[in-house]
Structure formats: structure tokens, C-alpha cells
Amino acid sequence: MSEDKPGWFGRLFGRKPAQDDRPPEPAPESPASPAEGRPDFATAADDVAHVPLPPGEPAPEDPARNTVPDGLEGADLQPIEGEPEEPPAGTAGDDPDRGAEPADTGPQIREPAVEPPVAEAAPEPVEAAPEPVVEPQGRGWWSRLTSGMKRTSSALSDRVTGLFTKRKLDATTLEDLEDALIQADFGVETATRISEAVGKGRYEKGISPDEVRAILAAEVERALDPVAHPLVVDGAKKPFVILCVGVNGAGKTTTLGKLSLKFRGEGRSVMLAAGDTFRAAAIDQLKVWGARTGTPVVSGAQGADAAGLAFDALKQAREAGTDVLLIDTAGRLQNKAGLMAELEKVIRVIRKLDPEAPHATLLVLDATVGQNALSQVELFSQAAPVSGLVMTKLDGTARGGILVALAAKFGLPVHFIGVGEGVEDLEPFAARDFARAIAGLEKD
């Protein structure tokens with residue numbers, strides 16, 4: 001290899017040039033100084049000794065920089081075949097699945113993204129005319145009853161199982177059983193009678209929890225059987241007027257809606273009167289039930305006279321030949337004399353058209369109030385001719401025994417019980433079914 005024409009490889013592997021042969025170092029104050037790192041493009045063109053030459057351009061005369069090492073002297077230095085040149089990082093060569101990209105990394109023109117077309121919202125369906133609700137064919141009444149009474153039956157079962165598991169029947173055990181029944185709101189009288197029935201003939205003997213539950217069911221059935229009467233609609237009285245009373249939140253409006261569905265299912269014509277004029281939501285709620293059941297609703301403005309509205313509703317029902325008129329009333333606490341007096345006024349006014357009206361007055365009771373239901377029955381019976389009871393929300397309490405206490409004290413007929421919010425969750429009361437459900441026994 002000629003020393004006067006060094007090549008690129010010589011510059012690559014040659015020894016470092018001697019101190020005198022090196023290019024002059026830039027002055028410290030030069031903008032291109034390595035210590036500064038920020039070249040001054042106005043003067044950097046004169047300081048090009050440190051810039052590598054472009055490929056293919058002959059190198060300057062520098063024999064010392066282009067000397068080939070002894071071990072490589074005479075070797076045929078050619079590029080290795082088959083070895084692809086590694087592309088710079090960040091280019092298309094990093095991903096074999098991508099195609100080649102242009103080397104120019106300058107600004108590129110991108111087409112604006114096209115937004116997908118937005119689907120137009122479908123128009124809301126037009127509501128059809130209201131049709132009567134068809135009662136769903138789901139679980140049977142026994143299944144709904146046992147599910148709704150689960151809290152009460154589970155509480156009793158846990159107490160009974162703990163009392164009579166591996167224990168003899170003695171005075172202490174019977175006292176504990178009586179306390180458990182009182183806590184379930186069976187009342188002192190009923191709890192004492194059931195405890196005596198359990199201990200009769202079994203004192204100082206063992207007894208299984210199943211035997212105790214069977215005795216409990218038998219005693220509850222015996223207490224409730226005299227008051228289990230269905231609501232009978234006298235067809236000779238048109239309209240048959242049913243007045244619904246009770247405290248706030250007992251479920252009067254919902255009960256009337258469910259009753260209208262049942263009467264419509266029996267083929268009777270029904271009319272609803274929104275007599276709870278103190279609460280706007282009650283008027284709207286009854287209108288919803290009327291739309292669902294196909295039942296006309298007589299209503300007025302919020303705050304209107306409830307007695308006058310009941311009078312108008314009875315008059316319209318008589319003119320239309322309606323079979324049953326269901327009148328809702330405002331919820332009122334049983335200890336508020338003024339509100340109870342207004343309830344008396346409603347009854348006096350409708351009796352101007354029909355001296356026998358109302359033909360049935362249903363007191364709706366919320367089972368979750370427990371012993372407070374006893375005072376409600378007592379005081380409402382003084383203001384209105386309460387003819388029967390409807391017990392609701394039995395699924396929301398562990399004190400379902402209150403119905404037994406009411407039967408023992410007042411003896412009023414129990415027409416319906418409710419164990420849920422569905423239209424099918426209000427059914428005529430049956431003493432045997434209720435007794436076995438509260439004791440946690442299967443239907444026989």
C-alpha cells in the first residue's frame with residue numbers, strides 16, 4: 001500500500017499522529033471548542049480539521065495516520081457478504097413487518113382524520129294505550145310467602161334450635177322460649193300459650209327443634225284461623241265502596257292499585273278515587289296504577305278538599321254503574337285528633353249519597369312497626385268503621401308475629417297480606433299457610 005496515498009481504512013486503523021502533525025487545536029475562546037459545545041456557525045467553516053470526510057473523498061496527505069497494522073498488511077479487505085447493514089435505531093429496519101420508510105425525517109403532510117359517521121338516535125317508541133296488567137306466571141304464592149317470611153322464620157328457628165339442642169325441657173328453657181316469641185311480637189298472651197303447649201307432657205324430657213316448630217305452627221294456626229276471612233264484594237251494592245285508611249307510608253295507595261288489578265281480573269268494573277290530596281305523589285301514583293290496570297281515576301288538585309273529592313267520585317261511579325269504588329285517603333298519625341276528625345268528615349259526606357257507605361273500611365298496617373300496630377288499630381277504629389286489616393311489608397321484618405298479637409287482641413278479619421312490592425305479592429290471607437311459613441315448615 002502506498003504511503004503517499006493513504007486510504008480510508010488507513011485512517012481508521014492507523015496510529016495516532018504525532019503531536020506536531022496533529023491539526024491545530026481550536027482556541028479556547030473559539031465557539032467550536034469542545035469545552036463550549038455550542039458551535040458558532042459564522043466561524044466554524046474555517047475550523048474543519050476535526051470534521052470527518054465524506055465517503056469516497058480522498059484523505060489529505062498524512063502517512064502517519066494511514067499506516068496499516070502489520071497483521072493486516074496485504075490482506076484483501078472486502079465487505080463481508082450476507083451481513084446486512086444495521087439500520088439506524090428508530091427507522092423502519094427495527095420492525096421487519098414494516099415497509100421501508102423514507103429517510104427524510106422532516107415535516108410530513110398528513111391527511112386529516114375522518115370521523116366515523118355518528119348514528120342518529122332512534123326515536124323513542126310511542127306509548128300505546130294503557131292495557132290491563134297481566135299478572136306474571138312466576139313463582140307460586142307459597143314460594144313468595146315463605147321467601148317473604150324468611151326473616152321471621154329464620155329468627156325463630158335460630159332461637160328454637162339453640163334452646164332445644166341437647167337440652168332437657170325445664171322451666172328455664174320454657175321461659176327462654178316465651179321470651180323469644182315475645183321478641184318476635186307474638187304478644188305475651190300468645191307466647192305464654194305456646195310455651196305451655198310445648199311443655200305439656202314433656203317436662204324434664206328431651207324435645208327436638210322440629211317438634212317445637214310443629215307445635216308453634218299448630219298454635220299460630222289456631223290463633224289466626226278465626227280471623228282469616230276473604231273480602232267479599234256484595235254485588236247488590238253498586239258501587240261497593242271500599243275506603244282505605246292508615247298512617248303515612250303503610251302502603252295504602254299501592255294496596256289499592258293491587259286490589260284494582262284483582263277485581264278487574266274477576267271481571268268487575270272498578271274506579272279509583274285519589275283522596276290523598278295532601279301528597280301530590282300519591283295522586284300521580286294512583287294515576288299510574290289506573291293506567292296499568294285500565295281503571296279510571298277521579299282526582300283533583302293537590303290540597304283540594306278530600307271529602308268533596310270522595311263525594312264526586314261516588315257520584316260518578318253510581319252514574320257509570322261501576323261495581324267497585326276504591327277511595328284512597330291521606331296518611332295520618334293515629335294520635336293526631338285534627339286529621340282523624342277529617343277522616344270522619346269524609347265518611348259523613350259520602351253517606352249523604354249512600355247511607356251504608358263505605359261498605360268496607362280497610363286499615364293498612366305496616367308489619368315493620370311492630371307493637372305500634374296495636375295502637376293504630378285501636379285509634380283508627382274510633383274514627384272509622386274499620387271492618388278488616390291488610391298487613392303489608394311482612395318481608396321487611398323479623399317480627400311477623402304481630403299479626404298473631406292483633407288477632408288475639410282485636411279479632412278483626414285479616415283480608416290480605418303483602419310480602420313484596422310486585423303486583424302478585426298481595427294475596428288473601430290463609431291461616432294455615434301463614435302459620436307453617438312463620439314456623440319454617442314445608443307446605444303439607
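Helix α6, which covers residues 209–224, contains 16 residues and reaches 23 Å from its first C-alpha to its last, close to the 22 Å expected at 1.5 Å a residue. The structure described here is a predicted model. The buried residues of α6 include Pro 209, Val 212, Arg 213, Ile 215 and Leu 216. Among the others are Glu 219, Val 220, Glu 221 and Leu 224. These buried residues pack against five helices, namely α3 (150–164), α4 (171–183), α5 (188–199), α12 (402–409) and α13 (431–438).

When neighbours within four places in sequence are left aside, Leu 224 is in contact with Leu 403, Val 404, Ala 407, Phe 429, Ala 431 and Phe 434.

In the protein chain as a whole, there are 13 helices and eight strands. Of its 444 residues, 41% count as buried. The accessible surface of the chain comes to about 25400 Å², and carbon and sulfur atoms contribute 53% of this area. Among contacts with a separation of 6 or more, 76% are accounted for by residues 24 or more positions apart.

Eight strands form an open sheet with mixed pairing, in the order β3-β2-β4-β1-β5-β6-β7-β8. Strands β3 (297–298) and β8 (426–428) stand at the edges with a single partner strand each, so one side of each is left without a neighbour in the sheet. Strands of a sheet pair through backbone hydrogen bonds, in either a parallel or an antiparallel sense. The pairing of β1 (residues 240–245) with β5 (residues 360–366) is parallel and runs over four bridges. In one of these strands, β5, Leu 362 is the bridge partner of Cys 244. Helix α11 (residues 372–383) packs on the sheet, where it touches β1, β5 and β6 (388–392), and its direction makes about 160° with that of β5.

Helix α7 (residues 252–265) has 14 residues, which should span 20 Å at 1.5 Å a residue; the end C-alpha atoms of α7 are 20 Å apart, in agreement with this value. The helix is mostly covered, as eleven of its 14 residues are buried. Among these buried residues are Lys 252, Lys 258 and Lys 262, as well as Leu 256, Leu 259, Leu 261 and Phe 263. After α7 comes Gly 267, whose phi is positive, near 90°.

Asp 185 has a phi of about 65° and is found in the loop between α4 and α5. Because its relative accessible area is 4%, under the 20% limit, Asp 185 counts as buried. Lys 393, with phi near 60°, is found in the loop between β6 and α12. Its relative accessible area of 34% makes Lys 393 partly exposed.

Note on methods: Residues numbered from 1 in each chain as written. Predicted model: local features only at pLDDT ≥ 70, side-chain atom pairs only at ≥ 80, totals over all residues. Heavy atoms only, no water. Pairing = 2+ DSSP bridges. Helix = DSSP H or I, 4+ residues; strand = E, 2+ residues; numbered from the N terminus. Contact = heavy atoms within 4.5 Å. Axes fitted to C-alpha atoms, helices over the stretch in contact; angles between N-to-C directions. Buried < 20%, exposed > 50% of the residue type's maximum accessible area, 1.4 Å probe, protein only. Areas by Shrake-Rupley, 256 points an atom, 1.4 Å probe, with all protein chains shown as cover. Expected span 1.5 Å × (residues − 1).
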